[in-house]
Amino acid sequence: MLSTVKRIAILYPRYSVYGYEMLSKDEERPEVVQRDLFTNAEAATDKEHKLTLFSAIKLYPKAIAWSVIMSTSLVMDGYDLKLVGSLFAQPAFREAYGHRLPDGTYQISAPWQSGLNNGSNIGQMIGLLVPGVLVERFGFRKTMMVALVSVPCVIFIQFFATGLPQLQAGQVLLGIPLGIFQTVSCVYAMEVVPVALRAYLTGFVSECWQIGQLLATCVLRGTLSMDAPWAYRIPFALQWFWPIPLLIAVIFAPESPWWLVRQNRIEEAKASVFRLASGEKDPDFNIDKNVALMVLTTEHEREANSGISYLSCFRGTNLRRTLIVMGCYIVTVTTGSTVRAYA
């Protein structure tokens, strides 16, 4: 651990989070640096672990608000999930995109129904993998803004689609930013709020999915009796509205202080913590100590994970942790909900 402290002193030679300017590489006071570093980090850890739910809400109301704003992007995911599958039963949509049956009615073929339902999932598989690289390089805010800007562009494809192939292309492309929303919103919530609030705010992601599906149901019910093409184009067009207020909010959102520390932007990390917390409501809250914990944790992880690849997730004790996380996600599918949808 001492090597970690020395590394911090080299990386942040003028970092005054401990009440004095940290020493440069050539100065010989590592025992002072080590003592103050651990003291501040330990104080911040104890403070966070002692927070109750209500005290955390009182101390971090702004962090909660920003996390909720990021998570509401998942409303679009829930909306799209419900929208396309429900349009198959809409008479105007079936007549525009289906084939005529002998009895004079119109129907979307089973292969196309399956393809359109899963087109967004294919795009989301890509979108779920991309943020790991983009966020680490550009940050949460910029990654989210790019995804939000891309959504209205893709909606043009769905809105003006004249056939099922164009609609399928729009579904796949729309799935990419929707997958980005799933990853960024959840990880952002984990990084900006304390431990006492993480379970609630990461769980709010699922609530946003349900809200989106409920909105899609209401919209489709309201347009059911309309004439083509507005009966199915209005539901698509409403997706243009949602990214606009979210984009404006994300522009002013604070960046994750943990990401800023990983980029060695310590002063900006302290400013971000200041925007996320209401320190005036707790006299024991100290921004410098919180950032000290982030610095120590980040450098320790860098030292411990040096030379480690993705394959390390499937070796030793990491394999057990990987399987636990995978199991938490798989359990939602093993309930049979996806199979019942095609029954």
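With which residue does Lys 270 form a salt bridge, the closest N and O atoms being 3.3 Å apart? The partner is Asp 288. A salt bridge here is a side-chain nitrogen of Lys or Arg within 4 Å of a carboxyl oxygen of Asp or Glu. The pair joins distant parts of the chain, with Lys 270 in helix 15 and Asp 288 in helix 16 (residues 287-304), 18 residues apart. Helices are DSSP runs (H or I, at least four residues), numbered from the N terminus.

The model is predicted, and local features need pLDDT of at least 70, side-chain atom pairs count only at pLDDT 80 or more, while totals for chains, interfaces and linings use all residues. Residues are numbered from 1 along each chain as its sequence is written, and side-chain values use heavy atoms, with hydrogens and water left out.

Lys 270 also forms a salt bridge with Glu 267, and here the closest N and O atoms are 3.8 Å apart. These two residues are about one helical turn from each other because they stand three residues apart in helix 15 (residues 266-276). Lys 270 is buried, at 15%, whereas Glu 267 is exposed, at 53%. Asp 288 is partly exposed, with a value of 25%.

Another salt bridge joins Glu 191 to Arg 262, where the closest N and O atoms are 3.3 Å apart. This pair, too, connects distant parts of the chain: Glu 191 belongs to helix 10 (residues 164-192) and Arg 262 to helix 14 (residues 257-262), 71 residues apart. Glu 191 is buried, its relative accessible area being 15%. Together with Glu 136, Glu 191 and Arg 262 are linked in a network of salt bridges. The count of salt bridges in the model comes to five.

Lys 58, Lys 62, Arg 275 and Lys 281 form a positive patch. Patches are made of residues with over 30% relative accessible area and no salt bridge, like charges being joined within 9 Å and nonpolar side chains (Val, Leu, Ile, Met, Phe, Trp, Tyr) within 5 Å. Lys and Arg count as positive. Lys 281 lies in the loop between helix 15 and helix 16, and this residue is partly exposed, at 44% relative accessible area.

Terms used
Buried < 20%, exposed > 50% of the residue type's maximum accessible area, 1.4 Å probe, protein only. Areas by Shrake-Rupley, 256 points an atom, 1.4 Å probe, with all protein chains shown as cover. Charge placed at Lys NZ, Arg CZ, Asp CG, Glu CD.
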